[in-house]
Amino acid sequence: FAFPFYGVIYDQVWVHANGFLSFDRGYPASQAAVNGCVPSLEAPDGAIYALWDDLDPSRGGQVFFRNVEDQYVAVEWRDVPRRGGGGLNTFQVLLWPDGRVLMQYQAVAEPTSATVGLENWDNTMGWQVTCNGSGSPPQPGRAWLFLTAAP
């Protein structure tokens, strides 16, 4: 479905192993592995950072994508470890056609090494929840709801 995100309508999304979604294009794993604070002039842009970190699904876990009858899209990272070890991460992002974004967390191994937030396509707007230990890191049972389209 069409998804309004900071004034732009998107009809596709890229799901990244490193815990985020991007709307403008896919990014090579080497560019997307190192998280940063938002907004930033550095790529990736036009993104939803649910738990942007150096995650490694090749070491275990799975990433799921499901469009539920065009009512909403759900993306889940289940039991995904960080590269280099540590515990497992389970979290999901839900997108609705009205621009709502819900991030919810079941397990977060290293919350202080990740970025959580949103950033528009040209880096002029961003909403940072946490970045590398600053802010409010995600915890099991926590959820954030964002509205990305004008009412």
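This is a predicted model: local features need pLDDT of at least 70, side-chain atom pairs count only at pLDDT 80 or more; totals for chains, interfaces and linings use all residues.
**Close-up 1. The salt bridge between R83 and D54.** Here the side chains of R83 and D54 meet, with an N to O distance of 3.3 Å. This pair links distant parts of the chain, 29 residues apart: R83 sits in the loop between β7 (72–81) and β8 (88–95), and D54 in the loop between β5 and β6 (62–68). R83 is partly exposed at 45% relative accessibility, and D54 is partly exposed at 21%.

**Close-up 2. E76 paired with R78.** The closest N and O atoms of this salt bridge are 2.8 Å apart. E76 has a relative accessible area of 16%, which is under the 20% cut-off, so E76 is buried.

**Close-up 3. The disulfide between C37 and C131.** A search of the whole structure finds one disulfide, and it joins C37 to C131 with an S to S distance of 2.0 Å. The bond links distant parts of the chain, 94 residues apart: C37 lies in the loop between α1 (29–32) and β5 (47–52), while C131 belongs to strand β11 (residues 126–131). The torsion about the S-S bond is about -90°, so the disulfide is left-handed. C37 is partly exposed at 40% relative accessibility, whereas C131 is buried at 3%.

Methods. Residues are numbered from 1 along each chain as its sequence is written. Side-chain values use heavy atoms; hydrogens and water are left out. A disulfide is a pair of cysteine sulfur atoms within 2.5 Å. Helices (H or I, at least four residues) and strands (E, at least two) are DSSP runs, numbered from the N terminus. Buried means under 20% relative accessible area, exposed over 50%, partly exposed in between (1.4 Å probe, protein chains only). A salt bridge is a side-chain nitrogen of Lys or Arg within 4 Å of a carboxyl oxygen of Asp or Glu.
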